[in-house]
Structures are given as structure tokens and as C-alpha cells.
Amino acid sequence: MSEDTQKNVAPAQVEARENHRKVRIGTVVSDKQDKTRVVAVARTAADPLYKKVIKHTTKCYVHDEKNESKMGDVVKIMETRPLSKMKRWRLVEIQKHAATN
């Protein structure tokens, strides 16, 4: 992209175009590791033959730098560079804290 066309585009649009990272919302299912959380991300998909809607769950290993999320929290995660053998996601924000007894 030339400099002339970049001047006409707002900075937020340029940043959005360069940052195509996946964002997911899920529930923390494990907080036993230091700075790592396991988040279950649920999605629904229709069976191609029978058209029944089925719920699928994917476990993502998430980097939580401040150890601020706890088990049961609903969190927003974003795709990032590989941080370890299994960690490919980072915590963006905690959307809802788990109910404590």
C-alpha cells in the first residue's frame, strides 16, 4: 500500500486490517497451572446428513500473565504467536466472574 492511500485511511482501519486474529469467548475449566488457563470454547454445528444441531467443545490453552482469572470465569481470548508447546491464545478480558460460594 502506498503512502498516498494510507493517508486517506483512518489509523483504526489500518490496524484492523493488519490484525486478523481470532477472538473467542469461553469458560475457564482449569486454573491449576501458573500463568496458564484451560478454556473450553463451545460452538454449535449442524450434522451434514441429519441436520441435527450438535454442540462441540474445544479446549484452548491460554496465557494469563497476572493469574487473574479463576475457574468458572467467562473470558475473552485472542489468538497469538506460539508461547509454548500448547499455548496459542492469550487472555484479553474477563467478561463475567464465577459465582463464589
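Student: Why is Asp64 called buried in this predicted model?

Tutor: Asp64 has a relative accessible area of 2%. Buried means under 20%, so Asp64 is placed in that class.

Student: What makes Asp64 and Arg37 a salt bridge?

Tutor: The N to O distance between the two side chains is 3.6 Å. The cut-off is within 4 Å, for a side-chain nitrogen of Lys or Arg and a carboxyl oxygen of Asp or Glu. The pair therefore meets the definition. Asp64 sits in the loop between β3 and β4 and Arg37 in strand β2, 27 residues apart, and the pair links these distant parts of the chain.

Student: Is Arg37 buried or exposed, and how do you know?

Tutor: Arg37 is buried: its relative accessible area is 3%, and the limit for that class is under 20%.

Student: Why is Lys35 with Glu65 called a salt bridge?

Tutor: The closest N and O atoms of Lys35 and Glu65 are 3.0 Å apart. Since the criterion is within 4 Å, the pair qualifies.

Student: What parts of the chain does the pair of Lys35 and Glu65 tie together?

Tutor: Lys35 belongs to the loop between β1 (23-30) and β2 (36-46), while Glu65 belongs to the loop between β3 (53-63) and β4 (74-79). The pair therefore ties together parts that are 30 residues apart in sequence.

Student: Why are Lys35 and Glu65 called partly exposed?

Tutor: The relative accessible area is 30% for Lys35 and 48% for Glu65. Buried is under 20% and exposed is over 50%, with partly exposed in between, so Lys35 and Glu65 take the label partly exposed.

Student: How many salt bridges does a search of the whole structure find?

Tutor: The search finds three. One of them joins the side chains of Glu93 and Lys76, at 3.6 Å from N to O.

Student: What makes Glu93 and Lys76 partly exposed?

Tutor: Glu93 is at 35% relative accessibility and Lys76 has a relative accessible area of 24%. The class runs between the limits of 20% and 50%, so Glu93 and Lys76 count as partly exposed.

Student: Why is Thr80 called buried?

Tutor: Thr80, in the loop between β4 and β5, has a relative accessible area of 18%. The cut-off is under 20%, so Thr80 is buried. Not counting residues up to four places away in sequence, Thr80 touches Arg88, Trp89 and Arg90.

Methods. Residues numbered from 1 in each chain as written. Predicted model: local features only at pLDDT ≥ 70, side-chain atom pairs only at ≥ 80, totals over all residues. Heavy atoms only, no water. Helix = DSSP H or I, 4+ residues; strand = E, 2+ residues; numbered from the N terminus. Buried < 20%, exposed > 50% of the residue type's maximum accessible area, 1.4 Å probe, protein only. Contact = heavy atoms within 4.5 Å.
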